Amino acid sequence: MKWINTRAHNSWLETEVDRIFEFGRRAVVPTGFGWLGNTGNIREEMGTQLWITARMLHVYSLAALMGRPGAYDLVEHGISALEGSLKDKNYGGWYATVNDSGVVDPSKQGYQHCFVLLGAASAVLTGHPRARNLLNEAIEIIEKYFWNEEEQMCLESWDEQFTKTEEYRGGNANMHAVEAFLIVYDVTKEKKWLDRALHITSVIIHHFAKNNNYRVNEHFDPNWQPIVDYNKEQPASHFRAYGGTPGHWIEWGRLILHLRATLISIDAEAPEWLLDDAKNLFAAGIRDAWFVDGAPGFVYSVDWDGKPVVRERIRWVIVEAIGTAYALYTVTNDSRYEEYYQRFWDYCRTYLMDYEECSWWQELDANNQISSKVWDGKQDIYHLMHCLIIPRLPLTPGLAPALAQGLLDCYVN
């Protein structure tokens, strides 16, 4: 039985993507896009967070390129927010969090700025007249403050005035830098973005993860040495969980395959280890996290021996597993990845998809019951696009560039 690249399955994905696009419209607030709760309500106490607004700009750029009426208005709204309330007009860059009263968190976070870069690059493809200026500004900030030429890696964060940077170095921010750099390359055709993405990948994955049973280190000191006990006392952190986060291992696998496909498409050198590492990262995620504690689903985090730490099932993890299973099947034609693809989708339909309230549940406990130990609410719809749109596109160019070129469902049987 085959689902991938079939007309019937892609028709189902198309129906679901419309349901999710409609849900996401509820996030509009005067200062950008807000944090959505479990019933689709705005959680005002969370403020307007830069990462959510930037990701929603990216998402509705995709929707506009897919011909969804009203999506372009949300692209306009996202760009206006990044030009307005969220922008630091004194020191540059964008605030981490604002609300209707002003700035809540003035820090400058690398993770969040990578999403500004991604959102702006995607918006350029919609033809929005101010998107290119936003992208140019985002590139300037990334290159001036976050890309460290000496380390050839990204820094984690700065204070409001860009005078003090954090000693910590983060794998999560660098992973999303790779994601954004790939789209910036598609838009600008400047190969330095691919070179940077490849170097980040070679350090975090081919050096550290490969030599650690493909359990990806995410927390590093300023010399890029792993901090293995980081957040051991707060293991369920949103963005800096203790130990290994198998969802990121799997997400890295997909990003590596996008990078590999792009390098091949321009006749650039694509190291053989890219495919090997992608396969091994996926295998490690299955080994350590899938159905390992007596119930279906991926556990959120594991220790360095692969034992579960936080057993909650977080939505974005299996969403990324769907996208990576598709990518690996596309490259290898190995039926095992098609089988995982279908198994993951069955899990999502049984446990995560919420047809009574809206969208998908963000978190389930070890018994696959709704919980909120790590995440509370249904924040945004960014990750969901990775299981609803990526399986309908080639691996290069990236999402928005591929949609702009009319490549959606181009391989349907």
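Which residue lies over the face of Tyr 355? Arg 19 does, at 4.2 Å from the ring centre.

## About the model

This is a predicted model, where local features need pLDDT of at least 70 and side-chain atom pairs count only at pLDDT 80 or more, while totals for chains, interfaces and linings use all residues. Residues are numbered from 1 along each chain as its sequence is written, and side-chain values use heavy atoms, leaving out hydrogens and water.

## A charge over a ring

Let's stay with rings for a moment. The charged end of Arg 336 sits over the ring of Tyr 337, 5.9 Å from its centre. Such a charge counts if NZ of Lys or CZ of Arg is within 6 Å of the ring centre and within 35 degrees of the ring normal.

## Tyr 337 and its partner

The rings of Phe 282 and Tyr 337 have centres 5.5 Å apart and planes at 75 degrees, so this pair is edge-to-face. Rings of Phe, Tyr and Trp (its six-membered ring) pair if their centres lie within 6.5 Å; planes under 30 degrees apart are stacked, over 60 edge-to-face, and the rest tilted.

Phe 282 belongs to helix α9 (residues 273–289) and Tyr 337 to helix α11 (residues 335–352), so the pair ties together parts 55 residues apart in sequence. Helices are DSSP runs of H or I with at least four residues, and strands are runs of E with at least two, numbered from the N terminus. Phe 282 and Tyr 337 are both buried, meaning under 20% relative accessible area with a 1.4 Å probe, protein chains only. One aromatic cluster includes Phe 282, Trp 290 and Tyr 337.

Definitions and conventions. Buried means under 20% relative accessible area, exposed over 50%, partly exposed in between (1.4 Å probe, protein chains only).
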